[in-house]
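Please open the model in your viewer and keep the selection panel at hand. The tour below moves from one selection to the next and says what is found at each stop.

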Amino acid sequence: MIGPDELFARATDPRQYDAEAMDWTPEGDADAPWPRFVRERLAPALGPLAGRSVIDLGCGTGHLALLFARLGAGAMTGLEPSARHAGAARRRHPGLRVVRGGLPRAPFRRAFDDAVAVLSLEHQRSLDEAYASVATLLRPGGRFVAIAGDPEFHRTPRWGLGLVTHARADGSLLVATTYPVGTVHDVIRPPEQFERAARGAGFDVTDRAALAPDEALIARDPRWRLFSGRPVAWLITAAAP
Ligand SMILES: C[S@@+](CC[C@H](N)C(=O)[O-])C[C@H]1O[C@@H](n2cnc3c(N)ncnc32)[C@H](O)[C@@H]1O
């Protein structure tokens, strides 16, 4: 059985998304049920983006480019460490400038009005370092919207997926989830840890919202009914120092 140190090492190694045994790109398809749900929930959290410069941290296949364009973003960038994902994002969304790299070493300084991270902070060794890094790439007062998985959801057996979990003393969860596309390793932290890290980096936390499957998501993928009304992820919004 894989131990906690190995689970953490795999979860924080971005090369997992370039492994032969795992290909996440179908899950990141813009038309897939979960990415659509994410865009629907992010739209009101972001509001109009006219003239604003926005970055998607860990952009995966780049599906948020559709939302940024619809909201009128002036410029959009994706930061992505995986070669496979960066390539897919460039092919699928030519309007998105894709930069290879990852937090906490983002090669930007005070360059963006808004930053978004969807299910990518699960691969950070330290949330404190991640938020400190995001603070330096945003303009003063810029917004950071993070969507992060919920620990209770991630430890719940579901849909025949393979699950190896290790609960840590601080309330976070190390998890290896085996999907049909392969095994993904994550560090799943409770929302309080995101808020603490944000405040520690000088952010003002302006919103925390539970994301629960709605009828639209359940209609597209009925498996989500199992979690109807229950948080599966959190949306945490903060304003940069
Ligand atoms: C579950 S995928 C989510 C992708 C995309 N945000 C989406 O919602 O479809 C996690 C992404 O985080 C990226 N990632 C891994 N380590 C990272 C790091 N240190 N900094 C930024 N992104 C990272 C992965 O390469 C992968 O594309």
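Begin by selecting Arg92, which touches Thr61 and Gly62 when residues up to four places away in sequence are left out; a contact here means that the C-beta atoms of two residues, placed from the backbone, lie within 7 Å. This is a predicted model, in which local features need pLDDT of at least 70 and side-chain atom pairs count only at pLDDT 80 or more, whereas totals for chains, interfaces and linings use all residues. Residues are numbered from 1 along each chain as its sequence is written.

Arg92 lies in helix α4 (residues 83-92); helices (H or I, at least four residues) and strands (E, at least two) are DSSP runs, numbered from the N terminus. Arg92 counts as partly exposed because it has 17 C-beta neighbours inside 10 Å, on a scale where a residue is buried if 20 or more other C-beta atoms, placed from the backbone, lie within 10 Å of its own, exposed if 12 or fewer, and partly exposed in between.

Now display the whole protein chain, which has eight helices and 10 strands. Its radius of gyration is 17 Å, close to the 18 Å that the globule rule gives for 241 residues, so the chain is as compact as a globular protein of that length; the radius is taken over C-alpha atoms, and the rule is 2.2 Å times the number of residues to the power 0.38. Of the 241 residues, 41% count as buried.

Next, select the open sheet of seven strands, whose order is β3-β2-β1-β4-β5-β10-β9 and whose pairing is mixed; two strands pair if DSSP finds at least two bridges between them. At its edges stand β3 (97-100) and β9 (204-211), each with a single partner strand, so one side of each is left without a neighbour in the sheet. Zoom in on β2 and β3, which pair in the parallel sense over four bridges, and find Leu79, whose bridge partner in β3 is Val99.

From there, turn to the ligand. Which residues are the closest to it? They are Gly58, Gly60, Gly102, Ser120 and His123, within a shell of 22 residues, where a residue counts if its C-beta atom, placed from the backbone, lies within 6 Å. Both α2 (33-46) and β2 (75-80) supply at least two residues of this shell.

Last, select the open sheet of three strands, ordered β6-β7-β8 with antiparallel pairing. Its edge strands are β6 (162-167) and β8 (182-188), each of which pairs on one side only. Helix α1 (residues 4-11) packs on this sheet, touching β6, β7 and β8, and its direction makes about 100° with that of β8; axes are lines fitted to C-alpha atoms, for helices over the stretch in contact, and angles run from 0 to 180 degrees between N-to-C directions.

Within this sheet, β6 and β7 (residues 173-179) pair over six bridges, with Leu163 opposite Thr177 and Gly162 opposite Thr178. The two strands form a hairpin with five residues between them, and Gly171 in the turn has a positive phi of about 95°. A further hairpin joins β7 to β8 through two residues; seven bridges link this antiparallel pair, and the partner of Leu173 in β8 is Ile188.
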